[in-house]
Amino acid sequence: MKSRGHLFYNTFIFVILWLVIDKIPFSAILLPIAISTFPDVDLHFESHRNMVFHSVIIWAFICWRNFNLICTLAMLSIGLHLLLDIRVNRLKWRGFYTIKIYRSKSLFFFTKGFRGRLTTVWLFSNFLISIVPITLKLISL
Ligand SMILES: [Zn+2]
């Protein structure tokens, strides 16, 4: 999905969350919306769908260190990005779509990435993980 699509759908989802859940103030949804395109920074590193950026690893660590509402919403935002990156059509599960472990042409160092099915499992399981902190946070509020 293109950056504009991520921004549009994440904005839509977070505004709905803000309207539906009283415990979420408007100021808390601004950062998650702003970072909704963050995983695609790897477009500049010639290894798009980089394993580190297209996962919630970084955000899980940040949330673990400071467990607050904005952090958990930020992790949800990344999870939603990964969910929106999933393609339903199996014929498109290749090339640009797959998760790369590391790949750089300039260093003559190639590493194979995930296969299509594993990429889909990776993206969806990371989305499921991203729901956990916000759920725990909303229960405790
Ligand atoms: Zn992406």
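Analyst: Helices (H or I, at least four residues) and strands (E, at least two) are DSSP runs, numbered from the N terminus. Keep in mind that this is a predicted model, where local features need pLDDT of at least 70, side-chain atom pairs count only at pLDDT 80 or more, and totals for chains, interfaces and linings use all residues. Residues are numbered from 1 along each chain as its sequence is written.

Helix α4 covers residues 69-85 and helix α5 covers residues 116-140; their axes come within 8 Å and cross at roughly 155°. The two are therefore roughly antiparallel to each other (the label for angles over 145 degrees). Their crossing is left-handed, meaning the near helix is turned anticlockwise from the far one by less than a right angle; clockwise would be right-handed.

Who touches whom? Two residues are in contact if their C-beta atoms, placed from the backbone, lie within 7 Å. On the α4 side the contact includes Leu-69, Leu-73, Leu-76, Ile-78 and Asp-85, and on the α5 side it includes Phe-127, Ile-131, Pro-133 and Lys-137. Sorted by class, this contact has 12 nonpolar, 4 polar and 2 charged residues. Here Ala, Val, Leu, Ile, Met, Phe, Trp, Tyr, Cys and Pro count as nonpolar, Asp, Glu, Lys and Arg as charged, and the others, Gly among them, as polar.

Helix α4 has another partner, α1 (residues 3-20): their axes come within 10 Å and cross at roughly 125°. Gly-5, His-6, Tyr-9, Asn-10 and Ile-13 of α1 meet Ser-77, Leu-80, His-81 and Leu-84 of α4. By class, that's 4 nonpolar, 5 polar and no charged residues.

Zooming out, the chain has 5 helices and 2 strands, and along the sequence they follow the pattern α-α-α-α-β-β-α. Along its principal axes, the C-alpha trace spans about 50 × 30 × 25 Å. Finally, 31% of the 141 residues count as buried, which takes 20 or more other C-beta atoms, placed from the backbone, within 10 Å of a residue's own. Among contacts between residues at least 6 apart in sequence, 63% join residues at least 24 apart.

Terms used:
Axes fitted to C-alpha atoms, helices over the stretch in contact; angles between N-to-C directions. Parallel < 35°, antiparallel > 145°, perpendicular 65-115°, else oblique. Buried ≥ 20, exposed ≤ 12 C-beta atoms within 10 Å, placed from the backbone.
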